[in-house]
Amino acid sequence: MHTFDRGLVLGPGGLAGTAWTVGLAHGLRRDGVDLGEADLIVGTSAGAIVGALLATGQDLERLAASTRDPAHRPKVDPGRMGEVFAVLGDRGLERGEARRRVGRLALDGADPEAEQALLAGRAALIGAQAWPERRLLITAVDASTGEPVLWDRDSGVPLVSAVAASSAFPGAAPPVAIDGRRYMDGALREGTNADLAAGARTLVVVEPMAHLFPREALDQQLASVGADTVVTLGPDPAAVRAFGTDPGDLAAWGPSFQAGVQQAAEVGAQLRSAWRAAAGAS
């Protein structure tokens, strides 16, 4: 297994979780901890958006207030989302079959106009078109087969398309067409997908939805990574309050960003020593 010094895993989290993660990264960068310096960044859903921002060296402060044009927001279908969560909550289903069933629901909601709006919105958010030189992995799932996919700069998939597909949760956004196939949210693979950072000696995992799900799944993934040092960051109580009850509510963007900035001030000292020590190990 190839080993490297610093890995960063960025998990899913809806609009509020995206804003919080950007705010956290901005606050940490301001305090001398640039998560974008990781040797490997794994981005899933919201984490794919933030991973692209960090890996391409974007100005994070420009996202303190949402720049999203309402015209770029796909219409949410609560009924379809309910069907998706019912499938995912069925413990009798094998994971691959669950993903295929969710994929059928996603494909039933395919809408070319909404897809173009999604792509335009993601392009505006990340502010970059080209893949970075820094190693960035973005997850997604083939909506037809239920098979997970992993893209990087050598995959031939446009960065904006990869980010949009990774963050296309059925019912909230349409699947994204790439080379004749349609892809949906990478969180449907294995949630945060921390196992993809195997080989990192020091690993930072940012999990915007840590307060909503049991820790066991992430712990299992981290055990497979085998890192010497692991730092996991989830929203603190103030951030959870900022998120509100609807993670897709655009009104939560600004408060969630600021909650991330505030939390960065609290965790920065702890993270700074680990991050800098890992950089000095090479």
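Trainee: What should I know before I start?

Mentor: The model is predicted, so local features need pLDDT of at least 70 and side-chain atom pairs count only at pLDDT 80 or more, while totals for chains, interfaces and linings use all residues. Residues are numbered from 1 along each chain as its sequence is written, and side-chain values use heavy atoms, with hydrogens and water left out.

Trainee: Which residues have the most contacts inside the largest nonpolar core?

Mentor: General idea: in soluble globular proteins, nonpolar side chains tend to be buried together. A nonpolar core is a set of buried Ala, Val, Leu, Ile, Met, Phe, Trp, Tyr and Cys residues joined through side-chain atoms within 4.5 Å. Buried means under 20% relative accessible area, exposed over 50%, and partly exposed in between, using a 1.4 Å probe and protein chains only. Here the largest core has 60 residues, and L8, L35, L54, W151 and V204 have the most contacts inside it. Another core lies apart from it, with 15 residues, including F4 and L203.

Trainee: What does V204 touch?

Mentor: Contact means heavy atoms within 4.5 Å. Not counting residues up to four places away in sequence, V204 touches G7, L8, V9, L35, V231, L233, L271 and W275.

Trainee: Which residues of helix α3 are buried?

Mentor: Helices (H or I, at least four residues) and strands (E, at least two) are DSSP runs, numbered from the N terminus. In α3, residues 78–88, the buried ones are R80, M81, V84 and V87. Down the axis of α3 they fall within an arc of 120 degrees, so they line one face of the helix; that arc is taken over the directions from the helix axis to the C-beta atoms. Their cover includes α4 (95–108).

Trainee: What joins the side chains of R80 and D108?

Mentor: A polar contact of 2.4 Å. The term means a pair of N or O atoms within 3.5 Å; within protein, one must be able to donate a hydrogen and the other to accept it, and residues adjacent in sequence count only if both atoms are side-chain atoms. R80 has a relative accessible area of 15%.

Trainee: And R6: is it buried or exposed?

Mentor: Buried, with a relative accessible area of 9%. R6 sits in strand β1, residues 4–10, and its side chain reaches the backbone oxygen of W275 at 3.3 Å. The C-alpha atoms of R6 and V204 are separated by 8.0 Å, though the two are 198 residues apart along the chain.
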